[in-house]
Amino acid sequence: MEPRSRRPVRGRRRAAAALAVAVLATAVPVAAADADSPGARAPSVPLRVATYNIHAGAGADQVFDLDRTAEAVRDLRADVIGLQEVDVHWGARSDFVDEARALAGKLGMRVFFAPIYDLDPAAPGGERRRFGVAVLSRYPVLGAENHEITRLSTQTPDPVPAPAPGFAEVTVDVRGAHVHVYSTHLDHRADPSVRAAQVADMLGVLAADRGPKVLVGDFNAEAAAPEVAPLWRRLRDAAPGGGGTYPAVDPVKRIDLVTVSPDITVVGAEAVATRASDHRPVVADLRLHRRGR
């Protein structure tokens, strides 16, 4: 669930420009390209992806412990991970930590943070308070963008649906295969109308990109929900028989999804039991296909 604040936004800042907050030298280098005959289909390349709503670093016990969060992410052994509910200097609940940069440092990965909210500092001279989604990657990031989709703000009184940032896209070079990876967090309210608008907006973003695509996130709706049905005209659910993801203890809903374009092969996928958040992560083993030189 998105955070609520009694403080009004004093001027909403658009965040459509790319904002890569860390690129670490310890990240995995690009491997040499496979040798192919001209025009032949190159061997497919593996990619392990995951999605995880980290609950701002608080576990199912409501205790903030970013080391525990990092360990849960590390245990996924994923190459690219979409994160939701990421605090960056947000507040006391997460010790005003820049969670995106801190997790990247603990895991030795690159990170792109896409704020949904960008608020004034809690105190004069402090850091701006941000909350949003992120993507961690072991592979080089060729480009990144924070897209706007329809949102109903939790930070303003009497909000109305309006475009707002927080839909992250990164283009990743996986051993010569380029893939678009998107991390999203859809509206949590019972009324599905905002989620329906968000799905339409996301599909518009995806339609502008060429090549294989992976969309992950906390959809706050199960795969069979009518408002997400348009997704299945363009994408496939990587874990249609997967276990529940929410709540983390004895889950009853599968609302955290990994979805892929038809040109990606799904080898396997599963929800992973952990109490490091109030959600369970989902991890999927994929294979990307590319043409030879």
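Is Phe 112 buried or exposed? At 2% relative accessibility, Phe 112 counts as buried, where buried means under 20% relative accessible area, exposed means over 50% and partly exposed lies in between, computed with a 1.4 Å probe on protein chains only.

## Basis of the model

This is a predicted model, in which local features need pLDDT of at least 70 and side-chain atom pairs count only at pLDDT 80 or more, while totals for chains, interfaces and linings use all residues. Residues are numbered from 1 along each chain as its sequence is written, and side-chain values use heavy atoms, with hydrogens and water left out.

## Phe 112 and strand β3

Phe 112 belongs to strand β3, which covers residues 110–119; helices (H or I, at least four residues) and strands (E, at least two) are DSSP runs, numbered from the N terminus. Although Phe 112 and Leu 136 are 24 residues apart in sequence, their C-alpha atoms are 6.7 Å apart in space.

## Salt bridges

With a salt bridge taken as a side-chain nitrogen of Lys or Arg within 4 Å of a carboxyl oxygen of Asp or Glu, the count comes to twelve salt bridges. One of them joins Arg 130 to Asp 118, with the closest N and O atoms 3.4 Å apart. Because Arg 130 lies in strand β4 (residues 129–137) and Asp 118 in strand β3, this pair ties together parts that are twelve residues apart in sequence. Asp 118 is buried, its relative accessible area being 13%.

Glu 227 and Arg 195 also meet through their side chains in a salt bridge, at 2.9 Å from N to O. Glu 227 is placed in the loop between β8 (213–218) and β9 (236–237) and Arg 195 in helix α3 (residues 193–207), so the pair ties together parts that are 32 residues apart in sequence. Glu 227 counts as buried at 11% relative accessibility, and Arg 195 counts as buried at 5%. A further salt bridge, at 2.6 Å from N to O, links the side chains of Arg 254 and Asp 237; since Arg 254 lies in the loop between β9 and β10 (256–260) and Asp 237 in strand β9, parts 17 residues apart in sequence are tied together. Both Arg 254 and Asp 237 are buried. Salt bridges that share partners join Asp 118, Asp 120, Arg 128 and Arg 130 into one network.

## Surroundings of His 180

His 180 lies in strand β7, residues 177–185, and is buried, with a relative accessible area of 12%. A polar contact of 3.0 Å joins its side chain to that of Glu 169, the term denoting a pair of N or O atoms within 3.5 Å, where within protein one must be able to donate a hydrogen and the other to accept it, and where residues adjacent in sequence count only if both atoms are side-chain atoms. The side chain of His 180 also reaches the backbone oxygen of Arg 210 at 2.9 Å. Leaving aside neighbours within four places in sequence, the residues in contact with His 180 (heavy atoms within 4.5 Å) include Val 170, Thr 171, Asp 209 and Pro 212.

## The open sheet

Six strands form an open sheet of mixed pairing, in the order β5-β6-β7-β8-β10-β9, two strands being paired if DSSP finds at least two bridges between them. The edge strands, each pairing on one side only, are β5 (141–151) and β9. β9 pairs with β10 in the antiparallel sense over two bridges, and Arg 236 stands opposite Val 260 in β10.
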